[in-house]
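Dear colleague,

Please find the structure below, handed over for your use. The findings follow directly after it.

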Amino acid sequence: MGFVSGAVDAVIALFSAVLILAAPLIDGQICLPARFYHPALIDLKRWYVEEFGDYLSKEKPHFFVGLAWIEIVLLWPLSIANVYGILARRPWVATTSLMAGVSIITSMAPLMAELLGSGRSSDKLLQIYSPFVAFSVLAILKGLFSGPLHTVTKPSQAPSARKKRA
């Protein structure tokens with residue numbers, strides 16, 4: 001079970017690290033003025049939109065702008081916490097992973113519905129977004145099945161044992 005847990009942690013740390021960079025530098029361009037960004041970052045986003053046919057990033061529909069704000073305000077700090085928590089082996093990382101996973105899956109539901117239902121998305125674009133669905137499921141499972149609630153406590157450390165000694 002330790003190998004599986006370590007592999008899940010590695011995947012969550014990797015995706016969180018991607019989000020740490022992508023959220024403010026690339027996705028932030030969806031909802032913040034261009035003057036905040038270096039021309040090289042603007043060119044990178046422009047290349048991405050053209051290469052993968054990301055019509056949502058190009059057209060910026062209102063629901064997509066709202067999802068970008070959620071990513072910057074909520075998911076970006078959670079991603080930082082996830083990377084730190086996994087590397088430092090903090091027990092609360094199960095909670096931040098659960099929060100990030102639920103946030104991503106909630107955002108991915110309308111996004112994937114649009115991409116699949118509109119008929120406008122390329123296979124390349126679906127290949128970019130699909131791993132985030134898998135990542136969110138892993139993060140949710142980590143949050144639900146690991147952490148302080150699921151650790152075994154020695155009888156001498158149990159709260160009732162401490163009360164008896166006092």
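In what follows, contact means heavy atoms within 4.5 Å, while helices (H or I, at least four residues) and strands (E, at least two) are DSSP runs, numbered from the N terminus. This is a predicted model, in which local features need pLDDT of at least 70 and side-chain atom pairs count only at pLDDT 80 or more, whereas totals for chains, interfaces and linings use all residues. Residues are numbered from 1 along each chain as its sequence is written, and side-chain values use heavy atoms, with hydrogens and water left out.

Overall composition

The protein has seven helices and zero strands, and from the N terminus its elements run α-α-α-α-α-α-α. Of its 166 residues, 37% are buried (buried means under 20% relative accessible area, exposed over 50%, and partly exposed in between, with a 1.4 Å probe and protein chains only). Among contacts between residues at least 6 apart in sequence, 69% join residues at least 24 apart.

Helix α1 and its cover

Helix α1 covers residues 2-25; at 1.5 Å a residue its 24 residues should span 34 Å, and its end C-alpha atoms are 35 Å apart, which agrees. The expected span here is 1.5 Å times one less than the number of residues. The buried residues of α1 are V8, D9, I12, A13, F15, S16, L19, A22 and A23. What covers them includes α4, α5 (93-118) and α6.

Is K142 buried or exposed? With a relative accessibility of 10%, K142 counts as buried. Apart from neighbours within four places in sequence, K142 is in contact with V8, D9, I12, V93, A94 and S97.

Helix α4

For helix α4 (residues 62-87), the 26 residues should span 38 Å at 1.5 Å a residue; the end C-alpha atoms lie 36 Å apart, which agrees. Helix α4 bends by about 40° at L75, and a proline, P77, follows within four residues. The bend at a residue is the angle between axes fitted to the seven residues ending there and the seven starting there. After α4 comes R89, whose phi is positive, near 55°.

The packing of α2 and α6

Helix α2 (residues 39-52) and helix α6 (residues 123-145) pack at an angle of about 120°, and their axes are 8 Å apart. Axes are lines fitted to C-alpha atoms, for helices over the stretch in contact, and angles run from 0 to 180 degrees between N-to-C directions. The two helices are therefore oblique to each other (under 35 degrees counts as roughly parallel, over 145 as roughly antiparallel, 65 to 115 as roughly perpendicular and the rest as oblique). Y48, E51 and F52 in α2 meet K124, L125, I128 and Y129 in α6. By class, this contact has five nonpolar, no polar and two charged residues (Ala, Val, Leu, Ile, Met, Phe, Trp, Tyr, Cys and Pro count as nonpolar, Asp, Glu, Lys and Arg as charged, and the others, Gly among them, as polar).

Two loop residues

S122 lies in the loop between α5 and α6 and counts as partly exposed, at 28% relative accessibility. The C-alpha atoms of S122 and F52 are separated by 7.2 Å, although the two residues are 70 apart along the chain.

Q29 is placed in the loop between α1 and α2 and, at 9% relative accessibility, counts as buried. Leaving aside neighbours within four places in sequence, Q29 is in contact with Y37, L41, I42, K45 and K60.

With kind regards
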